[in-house]
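Me: I would like to learn how to read a model feature by feature. Please take me through one.

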Amino acid sequence: MPQPNAHSAAAAATDSAATAAAATAASTSASASEEARDVLAPDCPSRVVFERIGERWTMFVLLALERGGTLRFGELRERVGRVTPKVLTETLRALEADGLIVRRAFRDSPPRVEYSLTELGISLLDPIRAMREWAEAHVPEVLAARDRAADTEHE
């Protein structure tokens with residue numbers, strides 16, 4: 001059996017050290033990457049998505065566009081209900097900036113603007129539907145809990 005020479009032993013040690021360093025770097029990178037995607041971490045970039053979804057009118061606008069397809073401003077406002085034109089405009093601009101909806105302006109007289117979901121917006125519908133279904137199924141329990149809490153406050 002041939003004996004390894006000093007050069008091959010040093011090369012093997014170097015390769016082993018390089019492999020260990022690469023594994024450590026990959027582990028550190030994975031940890032940093034996981035940390036970067038932890039929505040509970042204050043600096044997590046995914047928080048902007050939660051902030052957008054959590055805004056008062058976002059889900060209603062997305063659900064209205066899901067049901068209605070392409071809608072004009074007035075149609076959207078009617079479907080969403082109880083939203084002021086200013087707030088709806090702000091919501092639509094934010095959703096457009098985030099790539100969730102597309103705004104198409106036509107040179108008609110008077111000008112006509114239509115809104116519809118993008119592929120990214122459509123991809124958000126499944127979790128929003130799940131939240132809607134949960135809310136519709138559990139609203140009696142939530143309202144009952146609120147009543148109990150209000151009764152406790154008044155005692």
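## Reading the model

Reply: Start with one residue and its contacts (heavy atoms within 4.5 Å). Leaving aside neighbours within four places in sequence, L62 is in contact with L95, I101, L117, L124, L125 and I128. This is a predicted model: local features need pLDDT of at least 70, side-chain atom pairs count only at pLDDT 80 or more, and totals for chains, interfaces and linings use all residues. Residues are numbered from 1 along each chain as its sequence is written, and side-chain values use heavy atoms, with hydrogens and water left out.

Me: Is L62 buried or exposed?

Reply: Burial is read from relative accessible area: buried is under 20%, exposed over 50%, partly exposed in between, with a 1.4 Å probe and protein chains only. L62 counts as buried because its relative accessibility is 0%. Across the protein chain, buried residues make up 21% of the 155 residues.

Me: Which element holds L62?

Reply: Elements are DSSP runs, numbered from the N terminus: helices are H or I with at least four residues, strands are E with at least two. L62 is found in helix α3. The protein chain has seven helices and three strands. From the N terminus on, their order is α-α-α-β-α-α-β-β-α-α.

Me: How far apart are the C-alpha atoms of L62 and L92?

Reply: L62 and L92 are 30 residues apart along the chain, and their C-alpha atoms are separated by 9.8 Å. V48 and D98 make a second pair: 50 residues apart in sequence, 9.5 Å apart from C-alpha to C-alpha. For the protein chain, 42% of the contacts with a separation of 6 or more join residues 24 or more positions apart.

Me: What span is expected for helix α5?

Reply: The expected span of a helix is 1.5 Å times one less than its number of residues. Helix α5 covers residues 85–97, 13 residues in all. From first C-alpha to last, α5 reaches 18 Å, close to the expected 18 Å. The buried residues of α5 are L88, T91, L92, A94 and L95. They lie on the same side of α5, because their arc around the axis is only 165°, taken from the directions from the helix axis to the C-beta atoms. The face turned away from this buried side carries exposed K86, R93 and A97.

Me: Which elements do the buried residues of α5 pack against?

Reply: They pack against α2, α3 (58–68), α4 (73–80), β2 (101–106) and β3 (112–117). After α5 comes G99, with a positive phi near 80°.

Me: Which residues line the largest pocket?

Reply: On a 1 Å grid over the protein atoms alone, a pocket is an open set of points where a 1.4 Å probe fits, with protein on both sides within 12 Å along at least five of seven lines; lining residues have an atom within 4 Å of a point. The lining here is I53, E55, R56, M59, F60, L63, A64, R67, R79, V80, I128 and R132. The largest share, five residues, comes from α3.
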